[in-house]
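Hi,

Here is the structure I promised to pass on. Have a look at it first, then read my notes below.

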Amino acid sequence: MSDFYNQISSLVWNSVDRVIRDIVKKNEVGKYILPFIVMRRFDFVLEKDKEEIIEKWNNLKKKGVKDPSKVILIEISPRKFFNVSKFDLKKLSQDSKMLKDNFNDYLLGYSENVQKIFENFKVNELVEHLDQENVLLEFIQEFTKKDINLSPDNIDNHSMGLVYEEILNKFSEDTNTSSGEYYTPRDVIKLLVELILEPEKDKLNKNNLVRSIYDPCCGTGGMLTISRDWAKKNLPKNMKLRLSGQEITKETHSICQSDFLILDEDPDEIIQGSTLSNDGFKDSKFYYMISNPPFGKHWGTEKNKIEFQNDLNDIDGPYQNGLPPVRDSQTLFIMKLISKMEPKGSRIGVITNGSPLFTDEPSESSKNISDFRKSLIDKDLLEAVIKLPPDMFFDTNIHTYIWILNNKKEKDRINKVQLINATNFYEKLGRSLNKKTNLISEKNKNEILNIYLTQKENDFSKIINKSDFLYTRIKVDYPLIENGKPILDKNGKQKITSEYERIPYGVNVDDYFEREIKKYIPTGSLDKKKMKIGCEITFNKYFYNYVEPQESKEVLNDIMKIDKEINETTRKILG
């Protein structure tokens with residue numbers, strides 16, 4: 001099953017590329033493939049009820065109803081979407097007469113929610129181009145071949161998501177854009193979902209509960225649908241899980257909505273647009289939130305948008321505890337998520353690179369990312385940070401981390417943070433997927449989950465008092481002296497230089513200054529007005545393994561061995 005989605009996506013990509021490669025730029029092929037995959041998927045889902053739906057539509061037409069988009073769904077279909085046209089892709093592929101008109105009839109036969117999806121895909125423009133190039137029929141035929149079976153009975157939604165994402169990945173490679181903006185590997189999502197939901201299993205095993213889960217940059221919806229799968233497997237059937245998300249890219253948003261329709265979830269819960277500057281869930285609160293915000297994405301372009309400006313200036317808003325550098329939008333997303341935490345109890349799981357954990361020193365003039373981290377510690381929101389294995393993502397080799405935030409910690413986690421070093425919990429992939437060469441297997445996932453749930457300290461897990469991440473940053477002024485004489489400025493005043501120094505949080509500043517600084521530099525003075533409390537979370541401090549240096553004799557032996565190998569190689573070259 002692991003290569004099934006690769007086989008399907010490659011089959012679709014290669015067969016279609018054969019038809020349109022001479023008329024479509026390679027970096028635009030994905031734009032043509034994705035909507036037709038969605039159409040074919042819809043055809044398979046609707047196939048069983050097709051005749052019944054058309055009969056109901058004909059009865060409505062006799063009553064004077066002319067536009068299927070105005071029909072109430074429940075009147076015509078047991079699903080959240082329908083198509084009243086007699087055509088599907090298979091029938092269209094069998095007759096070239098009036099193909100474009102028939103295709104238009106097919107599109108207009110869909111319910112309004114599906115028509116909006118295809119508008120985002122700009123299907124009419126694509127069809128017009130294919131028709132002008134006289135390849136529309138052949139293009140459609142590629143999707144109706146027997147060996148491309150996109151039926152839910154043949155390929156489930158999880159695997160279908162991988163098909164979409166494999167094509168998006170290839171599309172990204174060809175356009176030199178970041179596939180990480182589109183999706184997160186499924187093995188990482190499964191780990192993230194279970195880290196957030198597994199500890200809640202007992203609380204959620206009650207009848208008729210309603211809970212919400214949200215992703216502010218949901219891509220094709222993988223995090224939401226895998227959360228749904230977990231809930232269906234582990235929770236009562238009458239438990240209602242509201243799935244909500246927002247996605248900025250129109251095509252990706254459309255894929256997510258189409259999957260929601262097939263799963264009988266509400267597609268209107270997936271909003272299109274920027275979460276930062278046009279939040280579709282501005283006043284909503286959620287019990288669970290999971291996300292993989294884009295790494296290294298610049299948020300400076302959002303600054304000029306009115307809603308975002310208002311949020312930035314709101315002293316009680318999501319960004320009240322400091323702003324990250326403009327190159328770090330992922331921290332803004334974390335701040336946004338925190339502002340949406342349900343007061344009754346909320347858990348957040350978010351993936352980041354290392355930047356939000358330790359960049360920035362506390363500033364004397366304004367709040368920054370260090371102040372934001374300090375606010376997490378002060379409010380005791382940070383429950384755990386997990387360092388993931390290397391080479392887990394399709395588009396980056398950088399170190400990545402899962403943050404777990406909780407505003408209703410269990411008693412034994414209060415005022416503590418668990419750090420988990422999971423860098424060795426992986427298996428090698430059979431083949432690399434772009435930069436992804438490692439996989440978190442089911443066994444690896446369960447091992448990491450067990451370390452988190454049991455909270456035991458070992459080589460991979462450390463339980464840290466929250467204040468241990470804090471430090472006091474002090475400013476020390478020194479008079480400049482040269483050859484024993486003070487250096488003066490042009491006005492005859494003593495020149496002063498300043499240095500900043502960190503001291504452990506909670507240590508008496510005056511005692512430290514007298515003991516560690518004044519003793520060695522008697523002329524130094526402490527500027528107490530400039531003292532700031534900083535915060536950083538560095539894994540090396542807690543998981544550093546000291547490697548004893550080699551004895552000098554061993555080093556010499558190694559050098560002589562290398563020298564011998566060089567000499568032997570040289571002799572062979574020179575004969």
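Before the notes, one term: I call a residue buried when its relative accessible area is under 20%, exposed when over 50%, and partly exposed in between, using a 1.4 Å probe and protein chains only. Keep in mind that this is a predicted model, so local features need pLDDT of at least 70 and side-chain atom pairs count only at pLDDT 80 or more, while totals for chains, interfaces and linings use all residues. Residues are numbered from 1 along each chain as its sequence is written, and side-chain values use heavy atoms, with hydrogens and water left out.

On confidence: pLDDT is the predictor's confidence in each residue, on a scale from 0 to 100. The chain averages 89, and 94% of its residues reach 70 or more. Residues 175-180 stay under 50, and the model gives that stretch 10 contacts (heavy atoms within 4.5 Å) beyond four places in sequence.

Now the sheet. Helices (H or I, at least four residues) and strands (E, at least two) are DSSP runs numbered from the N terminus, and two strands pair if DSSP finds at least two bridges between them. Nine strands make an open, mixed sheet in the order S3-S2-S1-S4-S5-S7-S6-S8-S11. S3 (270-272) and S11 (461-465) are the edges; each has a single partner strand, so one side of each has no neighbour in the sheet. Neighbouring strands are turned by 15 degrees against each other on average, direction ignored. Within the sheet, S4 (288-291) and S5 (347-352) run parallel and share four bridges, with Met289 opposite Ile348 in S5.

Helix H19 (442-454) lies across S5, S6 (382-387), S7 (401-406), S8 (416-421) and S11, at about 160 degrees to S8. For that angle, axes are lines fitted to C-alpha atoms, for helices over the stretch in contact, and angles run from 0 to 180 degrees between N-to-C directions.

Which residue does Lys445 meet at 2.6 Å, N to O? That is Glu194. Lys445 sits in H19 and Glu194 in H11 (186-197), so this pair ties together parts 251 residues apart in sequence. Both Lys445 and Glu194 are buried, Lys445 with a relative accessible area of 5%.

Lys445 has a salt bridge to Glu442 as well, with the closest N and O atoms 2.8 Å apart. Those two both lie in H19, three residues apart, about one turn of the helix. Glu442 is partly exposed at 48%.

Another salt bridge links Asp371 and Lys532, closest N and O atoms 4.0 Å apart. Asp371 belongs to H18 (369-378) and Lys532 to S16 (525-535), so the pair joins parts 161 residues apart in sequence. Asp371 is buried at 11%, whereas Lys532 is partly exposed at 25%.

Cheers

Key: A salt bridge is a side-chain nitrogen of Lys or Arg within 4 Å of a carboxyl oxygen of Asp or Glu.
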